[in-house]
Number of protein chains: 2
Amino acid sequence: MVFWKKLFTSAGSITPDAVSDLDGEVLTVTNNTTTSETEIVFSTDRDIDLYELEDLCDRVGWARRPLRKVKKAIQHSFLVVSMWEVKAGRRVLIGFARATSDHAFNATIWDVVVDPKYQNRGLGKAMMQFTIQNLRNVDISNITLFADPQVVEFYRRLGFMVDPEGIKGMFWYPS
Amino acid sequence: MVFWKKLFTSAGSITPDAVSDLDGEVLTVTNNTTTSETEIVFSTDRDIDLYELEDLCDRVGWARRPLRKVKKAIQHSFLVVSMWEVKAGRRVLIGFARATSDHAFNATIWDVVVDPKYQNRGLGKAMMQFTIQNLRNVDISNITLFADPQVVEFYRRLGFMVDPEGIKGMFWYPS
């Protein structure tokens, strides 16, 4: 495992440069602008407490899903990314994302969630950059996702394109 | 393995009803309107000759990809579907599709190809219905794909929707 330590800016948010060179399994961001040291840690360890993940998803108002299926989905995802706040030796799950993949050409990112209390500080961006970098490290060149309307701009700023060359995302649901 | 035998209509194409109840690993369509019996067989066996698959992709003009990566992608796909014409004991690969999945909630279909000589006979539709049914049989409810502009209508007729509720398919490519 590789560790990176990066400082928060005084505004408490991460600058884009701060995570541009990350390529390890764990990224640690140290906030030493406060007296008690707070670290933001990114991990690809998929051993995540499902109740803690459910709590996080509750916080953004997602519909609950059977934990048995969530467990299976995590097991069979190619990449699982989690973001943690570590403070006084205690860690709290504040972000999550996962990706399915054929391990060769393409990956699709699902279930991107950031605790609302930690949004608008560059952490979602950092988590996505960590996710992209992990996929790039194993030579996945076609990274895709399906974005709700309110987050299209967020992903666009990360370099994602809507409908390149007219390619359309399509969904089939059981009728 | 489960086999279905269905007749071609006299026009030589499959009616939608003919494949509506398929739910096995192999579907066989028998064309007995000609003297020499021709069968169209669908399979989920992933043991596919990579050179034969490359030939099929050549026929639709796709850029060649390293066979090592194609092999890896097939190994790590959740579902691999192939379509064969069987005539006088000889089988020829005439269609292919595969899907990545988290084995729980969602699947994404990639690399859908039908030999141009066999297009416009309902076979692509039948292959996709076979693909969808196989995913539905294991309780995957969110089936997605990225469609080139010229095939959006093809998928729409199969029940796929473009941008439902404003959800956008997005792509990230290495710069």
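Analyst: Let's start with B:Asp58, which in this predicted model counts as partly exposed, at 31% relative accessibility. Its side chain meets that of B:Arg64 in a salt bridge, with 2.5 Å from N to O. B:Arg64 has a relative accessible area of 56% and is exposed.

The next residue along chain B takes us to another pair. B:Arg65 and B:Asp111 join their side chains in a salt bridge, 2.8 Å from N to O. Where do B:Asp111 and B:Arg65 lie? B:Asp111 belongs to strand 6 of chain B, while B:Arg65 is in the loop between helix 1 (50-59) and helix 2 of chain B, so this bridge ties together parts that are 46 residues apart in sequence. B:Asp111 counts as buried, at 15% relative accessibility. B:Arg65, with a relative accessible area of 27%, is partly exposed. On the side of chain A, salt bridges that share partners join A:Arg65, A:Arg98 and A:Asp111 with B:Asp102 into one network. That network therefore includes residues of chain A and a residue of chain B, each linked through a side-chain nitrogen of Lys or Arg within 4 Å of a carboxyl oxygen of Asp or Glu.

A:Arg156 and A:Glu153 form a salt bridge whose closest N and O atoms are 2.8 Å apart. The pair sits three residues apart in helix 4 (residues 152-157) of chain A, so about one helical turn separates A:Arg156 from A:Glu153. A:Arg156 is partly exposed, its relative accessible area being 43%, and A:Glu153 is partly exposed as well, at 42%. Side chains of opposite charge can pair when their charged atoms come close. Over all chains, the structure holds 20 salt bridges.

Now to the place where the chains meet. Between chain B and chain A the count is six salt bridges. Polar contacts between chain B and chain A come to 20 residue pairs, with both residues at pLDDT 80 or more. Which elements give two or more residues to the side of chain B that touches chain A? They are helix 2 (67-75), strand 5 (90-101), strand 6 (106-114), helix 3 (123-137), strand 7 (142-147), helix 4 (152-157), strand 8 (161-162) and strand 9 (168-172) of chain B. Strand 7 of chain B gives the largest share of that side, six residues. Sorted by class, the side of chain B that touches chain A has 24 nonpolar, 13 polar and 12 charged residues.

How many residues of chain B are in contact with chain A? There are 49, and they touch 49 residues of chain A. The area buried between chain B and chain A is about 4,700 Å², with carbon and sulfur atoms giving 62% of it. In chain B, the residues that lose the most area to chain A are B:Phe105, B:Met170 and B:Trp172, together 19% of what that side buries.

Strand 9 of chain B runs antiparallel to strand 7 (residues 142-147) of chain A, with five bridges joining them. Here B:Trp172 is the bridge partner of A:Ile143. Strand 9 of chain B is also joined by two bridges to strand 8 (residues 161-162) of chain A, and this pairing is antiparallel too. There, B:Met170 is the bridge partner of A:Val162, and B:Phe171 stands opposite A:Met161. Strand 9 of chain B is mostly covered, with four of its five residues buried.

Finally, some context for chain A. Its secondary structure comes to four helices and nine strands, which follow the pattern β-β-β-α-α-β-β-β-α-β-α-β-β along the sequence. Of the 175 residues of chain A, 51% count as buried. Among contacts in chain A between residues at least 6 apart in sequence, 57% join residues at least 24 apart.

How values were computed:
Residues are numbered from 1 along each chain as its sequence is written. Chains are lettered from A and ligands numbered from 1 in the order in which they are written. This is a predicted model: local features need pLDDT of at least 70, side-chain atom pairs count only at pLDDT 80 or more; totals for chains, interfaces and linings use all residues. Side-chain values use heavy atoms; hydrogens and water are left out. Contact means heavy atoms within 4.5 Å. Buried area is the accessible area (1.4 Å probe) that two parts lose on being put together, summed over both. A polar contact is a pair of N or O atoms within 3.5 Å; within protein, one must be able to donate a hydrogen and the other to accept it, and residues adjacent in sequence count only if both atoms are side-chain atoms. Ala, Val, Leu, Ile, Met, Phe, Trp, Tyr, Cys and Pro count as nonpolar, Asp, Glu, Lys and Arg as charged, and the others, Gly among them, as polar. Two strands pair if DSSP finds at least two bridges between them. Buried means under 20% relative accessible area, exposed over 50%, partly exposed in between (1.4 Å probe, protein chains only).
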